[in-house]
Each structure stands twice: as C-alpha cells, then as structure tokens.
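Dear colleague,

Please find the structure below, handed over for your records. My findings follow directly after it.

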Amino acid sequence: SSPPAFAAVDLGASSGRVILGRVGTGRTGRTGTDGLSLTEVHRFPNRPVRLGGTLHWDILGLYRGVLDGLRKAGEVASVGVDSWAVDYGLLDATGALLGNPVHYRDSRTEGTAGRVAAVLPPPRLYSLTGLQHLPFNTVYQLTAARGTPQLGAAQRLLLIPDLISYWLTGTAGTELTNASTTQLVDPRTRDWSRPVADALGIDLTLFPPLRIPGEPAGELLPGVREATGHTHPVPVTAVGSHDTASAVVGVPAAGPDFAYIATGTWSLAGLELDAPVITEASRRANFTNELGVDGTVRYLRNIMGLWLLQECQRSWESEGRPYELRELLRGAAEAAPLRSVVDAGDPRFIAPDRMPARIAEACRDTGQPVPRDAVETVRCVLDSLALAHRRAVEDAQRLSGRGVSAVHVVGGGAHNELLCQLTADACGLPVVAGPTEAAALGNVLVQARTAGAVHGGLADLRELLRTALPLRHHQPAGPQQAWRRAAEAVSAQANG
Ligand code: ADP
Ligand code: LRH
C-alpha cells in the first residue's frame, strides 16, 4: 500500500497552498524519494483588501482556498495548518467572527510603540519576552484596538492558523510557536507572560489554551468533511503553526552548526538554539527569540525579504510595465554589483505601495547612486538582501556565541539563484539552497511523527529531508572586502 499522506495547509503572505506529503514507514530516509515526497495540490493568491481605510486579509477567500485544497488532496491521514505570524481574528460568544482580520502592514499600529513603552520601557519588555521590536507585534495591534467596540465584544482571540483550524474542527487552541510572536509569551517558561499582559491591560483569557506542536487539535467537522469529500474521520494535528517555525523544521541541515534563512515575503535569518539569548546587546541588535518545535528557540532577525521585489513588480505592473521575474533576474545578474544598497531591515519599507520610488529615496538620502531602471532596482534589492543576510548571520553568531559552517536558504527565495549566490558571497559561507516549500515540509513531518509514520527528533526528520530532496550548493566567491565595506556602510545607516 502507498505510504500515508498528510495535508499541509501553508498560508504565506503572498500565496496559500495545500501540499500533500507522503512519508514512508522507515525510521530514516535511506530509501530516497520513497521516504518522503511532496505534491502541491492547490495554490491560490493571497491578496489583501483595503476597506474603509484599513488593510485586511481576505480571510474567507483564504478559507475557501483551504477547502478547495483539502478536496483536491483526497484521502489523508491528517491535516496541519501554518501561516504568517502576529495577526488574529476576534470571535463573539457564539463563535462568530467579529470583523475581518487586519493585516499587519496596516497603519493602525503607528504611534502605539510610544504608548507601550510608557508602561513597559523597551529593555523591560525585551527582558520579559526576548522578542525583537516589530511595529506590528500583536501587543501593538491590541494596543491600537483598545477601546474599540470590536475588541470590547470579543470573547475569544484566535491567531490566523488557529482560526483556520477552528473553522475546520470547531475546537480552539493557541499554538505555542505562533503565540511566541505575540510578545505575550516568556520564552524561558514557554508560557504566557502575566507581567506583560497586566501592564498592557491585555486579557489573556481571550486566548484559548496553549497547544504544543504534535498535539491533537480536533477532527474535521462533518460539514467540512462533506465540503471536502472526506468520508472517514480526519484528525487535525497541531504543527509549528508559525510558518517560520515549520520552515525551520524543514531545513535539511546535517548537524547543529548551521544558520538558516527562510526567504519568502520576509527573510528570517538566524540560528536554532536550545535556550533564549536575552541580553541588552541582543535587544539592541533587534534579535528575536521566537519559540520553535521540540523545545527549540528560533534566534533570528526579520529582514524585509522578497517583499521589496514583489512590491516593485506590483508598482511596475500598475504602471503598465509588467516585467517577467526571470528577465529581471537575468538582467540583475549582469548589472554592476553593490552600486547602491539600502538597509533591508528598515521599517520604512514595511508599508505597501510606491516601492521603486521609496528605494530610490533611500539611496538618495544616503548619498548613493539612484537605480536608473527596473534591472538596477532589482540588483539593489538583491545586494541589499544579501548584505542583510550577512549581517544577521554574523550578528547571530556573535550574540549567541555559536559558530556556523553553512547557511541554509529555504522558502520561495531558494528558487532565486542570484540571491542565493550573492548570499554565499556576502556571508563568505557555503549556501545550501532548498527546499522551497520548507514550511509545508516541516508541517508534514510533525504530523507524520504524531501519526507514527516517522520517529525521532529534529535531526532525524532533517535526515529524511536531506536524503529525499534535491538541494543546490553555492560556494562563496569573490573578495569579502567589498561586502565588508558595504556592511559597515549599512550599519552606519541603520544606527544613524
Ligand atoms: P510566502 O510564503 O511569504 O508567501 P514564498 O516562500 O512563497 O512566500 O516566496 C515567494 C517569493 O519567492 C516570490 O515573491 C518570488 O520572489 C520568489 N520566487 C518564487 N518562485 C521563484 C522563481 N521561480 N524564481 C525566482 N524567485 C522565485
Ligand atoms: C513570515 C512571517 C514572519 C513574521 C511575519 C509577520 O511569513 O510569519 O516570521 O514576522 O510573517
């Protein structure tokens, strides 16, 4: 009989997908592709909607995509859901959704950092949560929502993947890896931080009980089974429901001394650790301690990622210049290197719209040549990302005291050979590129372990990945000097 199939629902900021993973019964993946195979059964765009001045997620459109995907998936042993972090839906006492979830890129959080800092100064907030400052962390969104009728009426708050799981199963939980992005969790106790919640007047009883990846999370409701053509009961398993937590499970590393960069809409660059690093130096470097699967900590920094490129493409398209990504990348590979670089960690790039103009402004503000066309803009973006990758990999090692010998690039950006090569060059380290669907793989592997189809810790799961997947290797080339100079210049920009 064919090996059991697990459906990973993976909602990214740019697209949602339902991916079927078949996992063999062996203890490890000695048997190559027999051990593990992936099929993308459904992919659908994730396009936010601006309504009444607020940027929303089209959550019902996404849920429809999930149902369509689960129907196409056919018979499965279980389902797991992961998505982007920090955002949530509010439910009333009957379980009805109170309004459409707001997008983390919406401007409602502007000005809330000051209000939070007035009661919890940044060093104190960091000492309690170990979380980097991102203006859209859930605590800032809840501060922005304070006093609104919607929050007043809410009986329950569900993070996005928990909301989807709730609609699929009727059971509610708060999955831990994603909870850790709210800035309401203490990464040492791996539990809610009452001091933070109390200081900010956030009612923790809004959150259903915490769930750990691997735990059962209900079964598809009869109506959902009917809508998706499932005749037998289908369990839902809690996975690393933060997409980045699942992506880190999906890193095919051979040993412990690796850095990872999960590159999609964002680049999340850092290390997997056993314990959080909560120091003043770490806070100043804006490193985060998000929680990972199996008791790990994801020590990383958020970098603007391919959002910069996606938004440039969207701008050009709206101006009637729809460039092919392949053509842009081919041109960028030939363009002059490091002509101008921007700080790809700068929050000025978070909001949507006018991205080419904003990149040009950033170059002008820092006395660098302004990109003259689309290809030069793309080269500026990729050089800037590679440089930000270098700085994050370097800083993570310095701040944690853990050295690395290779960098794994996973996520949609692993398709981008130029970005991977520039990252190898900038870091001065070999880059292993792939898998592109690391989050879906991490999601599948945790489900498969719960179902008893695979055994062991993260190292065993990763061995299965390594033997089953085609990976691309990039050796660092070129002198380090130019990258070092550019890194220093960007550090000065970031600190100045
Ligand atoms: P998210 O999960 O945040 O939605 P993905 O991991 O799917 O993002 O990554 C999407 C990005 O990956 C795209 O914006 C694009 O820049 C890049 N990408 C995807 N496919 C390719 C490709 N064939 N060549 C180059 N880049 C690609
Ligand atoms: C990537 C991601 C990232 C978060 C951001 C909101 O998809 O989950 O880890 O910081 O979205």
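Q141 counts as buried because 23 C-beta neighbours lie inside 10 Å of it; the term buried applies to a residue with 20 or more other C-beta atoms within 10 Å of its own, exposed to one with 12 or fewer, and partly exposed to those in between, with C-beta atoms placed from the backbone. Please note that this is a predicted model, in which local features need pLDDT of at least 70, side-chain atom pairs count only at pLDDT 80 or more, and totals for chains, interfaces and linings use all residues. Residues are numbered from 1 along each chain as its sequence is written, while chains are lettered from A and ligands numbered from 1 in the order in which they are written.

Q141 belongs to helix 4; helices (H or I, at least four residues) and strands (E, at least two) are DSSP runs, numbered from the N terminus. Leaving aside residues up to four places away in sequence, Q141 touches V102, T109 and F136, where contact requires C-beta atoms, placed from the backbone, within 7 Å. The C-alpha atoms of Q141 and T182 are 9.4 Å apart, with a sequence separation of 41 residues.

Helix 4 spans residues 138–145, and seven of its eight residues are buried. Those buried residues pack against strand 7 (88–91), helix 2 (112–119) and helix 8 (194–200). After helix 4 comes G147, with a positive phi near 85 degrees.

Strand 17 (residues 288–291) is covered on both faces, with T288 and E290 buried on one side and N289 and L291 on the other. Strand 17 pairs with strand 18 (residues 297–303) in the antiparallel sense over four bridges, pairing being defined as at least two DSSP bridges between two strands. E290 lies opposite R298 in strand 18. The two strands form a hairpin with five residues between them, and D294 in the turn has a positive phi of about 60 degrees.

With kind regards

Conventions:
Two residues are in contact if their C-beta atoms, placed from the backbone, lie within 7 Å.
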